[in-house]
Each structure stands twice: as C-alpha cells, then as structure tokens.
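Subject: Handover of a two-chain structure

Dear colleague,

Please find below the structure that I am passing on to you.

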Amino acid sequence: MLNMLLWIAGFIILLVKLMIILGVLLFFAGYLVWVERKFLARLQIRYGPNRAGPYGLLQPLADIVKMLVKEDTVPDGADRAFFLIAPAVVAATAILMFSVVPFGKDLTLWGQKVPLVVTDLNIGLLFVFAMSSLGVYGVALGGWASNSKYGLLGGIRGAAQMISYELPLGLSLVPIVMMAHSFSMVKIVAAQQKYPFILFQPLAFMIFAISSMAESKRIPFDLPEAENELVAGYHTEYSGMRFGLFFLGEYVHIMVFGAIMSVLFLGGWRGPFLPPVVWLLIKILAVALFMIWVRGTLPRLRYDQLMALGWKVLIPLALINILATGAVGLMIN
Amino acid sequence: MESAWEALKALLSGFWTVFIHLFRKPITEQYPEYKRVLPERARGRIILTRDPDGEERCVSCFLCAAVCPVNCISMEGAERPDGRRYAAWFRINFARCILCGFCEEACPTSALQLTTDFEFSKTDILSFVYEKEDLLVNHQGKDKEYNFYKYCGVATNYGDKGEHIGEEKPVDVKSNMP
C-alpha cells in the first residue's frame, strides 16, 4: 500500500516536472525568437520588432496567434500522412532531447529526493545523439512528402548535412566522456565541480559549437532552407502551425544545444551566487547570443565547402583530439 | 599556414565589425511617428485644380487618358453654352494608378496635378474609384497663375476670337486675294 502511494506521488512529481519544463522550454523558445530578431536587428543597425507591446515583447504571442488561425494547407499530390507527421517529428525530437539535461542539484521535498532532471539516463549523451539523428527524418520526409522540387532539394540537403555533421558532433564529445567516465549528463556536470571542461577541451568545444550550428541548420549552414535558392527549402509547402512546429523545433534545438554545450563544457548549472536554474539559463542565452552573432556575420557556405569542412577538417581534428586526450590520460594515470 | 592565418584574421575582423555595430544608433526611420519631408515634386494622389477665377481647368481633352499606361483615367466631355469645355464626369481608378505622373505632364491646362499625399490605402478596393467630386479641389495647385482660356483661341467669356493674350485679329481669308 505504501509502495503504491509512493509510486503515485513520484508519478505526480514527474508529471509536474514535465509540465514545468515543457512550459518553460516553449516559453523561452518563443522569446528566443524575439531575442534573435532584436539582437540581429541591432547588429544590422535596425530596431527589430517594436510595435506589439513595449519593445515588441508581445511579438511572440502575436506570431503564435497568427500561426494558429492561419489555414493549414496540404498541397495536391503530397504524401498526406508523412506531410502531416513530419513537423511533429522535428519538434518532438528537439523537445525530447531536453529531458536528459540536468538543471540543478537534487531537491528534497517532504523527505523525498527529487532530482532536477526529467530522467538521469546512464546513456544520456547517446540519447541526445539518437534524438538529433531522428530529427533528420522530419526534415527529409517533410521535404520529400510536399511533392515540391524546392522541398525535395531542401530535404535532401538537410539529410546529407545533418548526417555528415552528426559524426564530428559525436566524435568531439568522446574526450568529454573519457574525462567524465560516464555518458550520464548528471555525472558529467558532477565531474566539472572544480573546472569546466572548456578549459581542458577548447578544440572539442569549437568542433561541437560548429557542428551543433550545422545540426540546428543555423545561418552559415542553412543550406536546407536557403531562401534565395530554395524559397524556404524543406518547409516551403507548410503553412500555419505546421510551419510553426518546424520553426519552434529550430529554436528549441538552439535552446537544447545551448543547454548541452553548457552542461558538457561550461559546467552546467554550476555558478556562484545565483540559483542553478538561472545559471543554466544564462549559459544557454550566452550560447544563443553567440549563435546569433555568427548569423549576423557569416555568409552561407557553398555545398562543397560545407561537406569539405565537415569531412576533411572537423572529423580529422576530432579524431586527433580523441588521440591526444587518450595519450594525456594514459600519461597521468 | 600563412593562408590559414590570413583567413582567421579576416574572420575575426568580420566578427569585430559586426560587434561594434551593436553600439551604433539604428538608422531606421520610425514611419508613422516620423515622416520624412518629401521632395516638392514627389508623386502621390491626383487632384483636379481650378483656375485663378475659380472655374474648372479641365477641358476634357482626353490627353491624360490617352497617355495613361494603365488606363485608369476615364471621362466624358461636354460643352457649356458660353463655349467652355468641361468633363461631365471624370473618374480615376487609384487601384490601378501607378503614380507615374504622365497625365500631369500631358495636361495642357494644368488641371490634373499630382500631390505629395501617398497615404490613402484602404481595405475596400472599390473605394479607390475616385469620381470628379472626390478629385476636384478649390485651389490652383502648383501652377498658381495659369488660366487656359486667357490664351486659347476659343470664344468664351474672356473674349472673342483674336482678343486673347498674344493673339492677332483673325484674318478674313477672302480679303487676302491677289
């Protein structure tokens, strides 16, 4: 009987945690759009959105209302089932990735331990890669199912790009796993108690930052949606909230990669004075602002440059980094 | 190695240039609050002006309708008992008008003129069809002095043939025989 009650209490706590995290994540993803538009505008000596509410703060709400009331069209000749499900795949995989990100020390509520992470998987890092690979299906299927040449080209480019950059993304984190002796995100944060890993692994950090920008299809790597060649790439044919889901998925991706970058390299929720959740948010915001800065600076890569950078530069560098870390590790022990 | 260093320097200088732009004042003009002063000859909504004596200038010559590249001007000519021509009705479809100003250049009597007003957007497209009473104004527009009937060779209340400015008396051709 007591076991049963404990189980139910744990279940309710999990549900509450899920709701809070989902709400906060979607809220910040929405306002990340606002931050990006404002910050990018300032970089380009413009104002950005400033009509809806003070400083344009109501702009995300207005956008959501607009997308919800817009007509949701399915083009003639589209593969209906895949067309309808593709945006959900992109958004869901992006949101699921956040479930292994720890955002604080364990909490004690009424004598029960509540870990501040949705699930402390012992293979958390692998879970992130699995979800990030599944996101490719949303892009490729969405592009293919829209029965449009722009969508198809965008989808193919997206698939090629995301599969290529998955490799340096994974390889760049092998040294981190070697240093933390664990795939679990909670243990990786625990391993950075003294120093964040960026001090030991600046090369891995750079490789990870570049590949995560390519994974979230940000501007120097936005070939799948290159608007001046492919109209809008894989989401050309989407409208209304289905387009909104692609859009949301992209910004949740930025949040998630910001969170993973801060967990793996910047010490996660650790920091002086402020509560852990705030520190994590500050670090995510810093990563996001850096990504926007990159967007404001660099032009889009050519397709062959993109592939050459991934296969001929980042992967060899990541492999060398693994070798070096292994050698240093052997010397120390 | 040299080229890699050069590339890195170029990359960093690009990032720095973008960063210092963060602290510059935006150059955007906040339109409804700030309206820039338009040039005198900016082309906007079309009006029909009157001559200094308060009469309609338009003589319904159809030159504006003929030159209009989008065929948005139409009218019907008529004549008053005293000999002056006028437009029985005059219609401009601003939904089609491209504000090119050809009609103003073609107009021989300075009747049709473009104003600098460009803020007349509406949601109902039929309300863009302006009739004569919408177009006619009570001033001379840009051309303050000109009065066509003081120069033309038509007998009106400004005088008979040969009595206008710069005109000579008509010659009886039958008296010109050798």
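Two residues are in contact if their C-beta atoms, placed from the backbone, lie within 7 Å. With that cut-off, and leaving aside its neighbours within four places in sequence, A:Leu301 is in contact with A:Pro220, A:Phe221, A:Leu306 and A:Leu309.

Before going further, please note the conventions. This is a predicted model, in which local features need pLDDT of at least 70, side-chain atom pairs count only at pLDDT 80 or more, and totals for chains, interfaces and linings use all residues. Residues are numbered from 1 along each chain as its sequence is written, while chains are lettered from A and ligands numbered from 1 in the order in which they are written.

Confidence

The model scores ipTM 0.74 and pTM 0.75. The average pLDDT (the predictor's confidence in each residue, from 0 to 100) of chain B is 88, and 100% of its residues score at least 70. Within chain B, confidence is lowest in helix H1 (residues 2-21), with a mean of 88, and highest in helix H2 (residues 63-67), at 93.

Chain A

Chain A contains 11 helices and 2 strands. Helices (H or I, at least four residues) and strands (E, at least two) are DSSP runs, numbered from the N terminus. Along the sequence, the pattern of chain A is α-α-α-β-β-α-α-α-α-α-α-α-α.

The radius of gyration is taken over C-alpha atoms, and the globule rule is 2.2 Å times the number of residues to the power 0.38. For the 333 residues of chain A, a compact globule would have a value near 20 Å, and the 21 Å of chain A agrees with this. Its C-alpha atoms fill a box of roughly 60 × 55 × 45 Å, taken along the principal axes.

A residue is buried if 20 or more other C-beta atoms lie within 10 Å of its own, exposed if 12 or fewer, and partly exposed in between; the C-beta atoms are placed from the backbone. Of the 333 residues of chain A, 41% count as buried.

Is A:Leu301 buried or exposed, or does it fall in between? Because it has 19 C-beta neighbours inside 10 Å, A:Leu301 counts as partly exposed. This residue lies in the loop between helix H10 (276-297) and helix H11 (303-332) of chain A.

The expected span of a helix is 1.5 Å times one less than its number of residues. Helix H7 (residues 202-215) of chain A has 14 residues and should span 20 Å, which agrees with the 20 Å between its end C-alpha atoms. In H7(A), 10 of the 14 residues are buried, so this helix is largely enclosed by the rest of the structure. Among them are A:Phe205, A:Ile207 and A:Phe208. The buried residues of H7(A) pack against helix H4 (124-145), helix H5 (149-180), H9, H10 and H11 of chain A. Just after H7(A), A:Lys217 takes a positive phi of about 55°.

Helix H9 (residues 240-264) of chain A has 25 residues and reaches 36 Å from its first C-alpha to its last, close to the expected 36 Å. As 22 of the 25 residues of H9(A) are buried, this helix too is largely enclosed by the rest of the structure.

Chain B

Chain B has 4 helices and 5 strands. Its radius of gyration is 27 Å, well over the 16 Å that the globule rule gives for 178 residues, so chain B is more spread out than a compact globule. Its C-alpha atoms fill a box of roughly 100 × 50 × 25 Å along the principal axes, and 16% of its 178 residues count as buried.

An open sheet of 3 strands in chain B has the order S2-S3-S5, with antiparallel pairing. S2 and strand S5 (129-130) of chain B stand at the edges, each with a single partner strand, so one side of each is left without a neighbour in the sheet. Two strands pair if DSSP finds at least two bridges between them; here 7 bridges join strand S2 (residues 73-79) to strand S3 (residues 85-93) of chain B. The bridge partner of B:Glu76 is B:Trp89, and that of B:Glu79 is B:Arg85. The hairpin of S2(B) and S3(B) has 5 residues between the strands, and B:Gly83 there takes a positive phi near 100°.

Between the chains

Finally, 9 residues of chain B are in contact with 8 residues of chain A.

Yours sincerely
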